[in-house]
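Trainee: Could you take me through this model and the terms used to describe it?
Mentor: Gladly; let us look at it together.

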Amino acid sequence: MPKRPYVIEEMISAKTIAARVEDLSREIHDEFEGTDKLVVVGLLRGSFVFIADLVRELDLPVEVDFIEASSYGNKTESSREVRILKDLRGEIAGRDVLVVEDIVDTGHTLKHVIGLVNAKGPKRLKTIALLDKPSRREVDISADWIGFEIPDEFVVGYGIDFAQRNRNLSYIGKVRFTNE
Ligand code: PRP
């Protein structure tokens, strides 16, 4: 549990997120229309809320799978190592695949996961991230679809945690430490 007291200020409301998810799902539908199956791959744990809302908006034959990745090393070092704690359960060779991230920060996680998924030979691979912090990027990577571009703020909610708390907020909030 975090030791420093903090408050959470709303940054992106649940209503705004829902409207954006609807727009994004329309664009994804247009991209993948006619697919025999779209494998939607969520990155645990942060993407669990986003993927749940997104797939329910998608009028396509969908399979849901998950990868859990964890990054080690100093967040500010470009040498950050990404390890896979849980790999895909299903086959994706020759399939249409959509990788779903909650947030792209340095970009190491997404870059590593794209490499891993591509090595399995998908027919088409696209990526989506709810949030993007381009100012934090250390590797040249960007998702095909972005929900919201945000400044370098400490955000929580809608799946995103602070020391494993606050993932269950329906909105995206900004953490503000109260003893600063
Ligand atoms: C967070 C977030 C992204 C990743 C982005 O995951 O969910 O997956 O970091 O960071 P990067 O662009 O700098 O690699 P985290 O490791 O905190 O795990 P979680 O999803 O389980 O919260």
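**Terms and values**

Mentor: Setting aside neighbours within four places in sequence, Val 104 is in contact with Leu 110, Ala 129, Leu 131, Asp 132, Lys 133 and Arg 137. Contact here means heavy atoms within 4.5 Å. The model is predicted: local features need pLDDT of at least 70, side-chain atom pairs count only at pLDDT 80 or more, and totals for chains, interfaces and linings use all residues. Residues are numbered from 1 along each chain as its sequence is written, and side-chain values use heavy atoms, with hydrogens and water left out.

Trainee: Why is Val 104 called buried?

Mentor: Buried means under 20% relative accessible area, exposed over 50%, and partly exposed in between (1.4 Å probe, protein chains only). Val 104 has a relative accessible area of 2%, so it is buried. Val 104 lies in strand S5; strands (E, at least two residues) and helices (H or I, at least four) are DSSP runs, numbered from the N terminus.

Trainee: How many helices and strands does the protein chain have, and what makes it as compact as a globular protein of that length?

Mentor: The protein chain has three helices and nine strands. Its radius of gyration is 16 Å, close to the 16 Å that the globule rule gives for 180 residues, so the chain is as compact as a globular protein of that length. The radius is taken over C-alpha atoms, and the rule is 2.2 Å times the number of residues to the power 0.38. Of the 180 residues, 45% count as buried.

Trainee: Which residues touch the most other members of the largest nonpolar core?

Mentor: A nonpolar core is a set of buried Ala, Val, Leu, Ile, Met, Phe, Trp, Tyr and Cys residues joined through side-chain atoms within 4.5 Å. In the largest one, with 28 residues, those touching the most other members are Ile 28, Phe 50, Leu 98, Ile 128, Leu 131 and Ile 172. Elements giving two or more residues to this core include helix H1 (14-32), helix H2 (48-57) and strand S6 (124-132). Apart from it lies another core of 20 residues, among them Val 82, Val 97, Val 99 and Leu 110.

Trainee: Which residues of helix H3 are buried, and what covers them?

Mentor: In H3 (residues 108-118), His 108, Thr 109, Leu 110, Val 113, Ile 114 and Val 117 are buried. Their cover includes S2, strand S3 (62-72), strand S4 (81-86), S5 and S6.

Trainee: Is each of them buried, partly exposed or exposed?

Mentor: Tyr 158 has a relative accessible area of 5%, so it is buried. Ala 163 has 44%, so it is partly exposed. One of the contacts of Tyr 158 is with Ile 172.

Trainee: Which peptide bond is cis?

Mentor: The bond from Leu 44 to Arg 45 is cis, with omega near 0 degrees. Arg 45 is found in the loop between S2 and H2.
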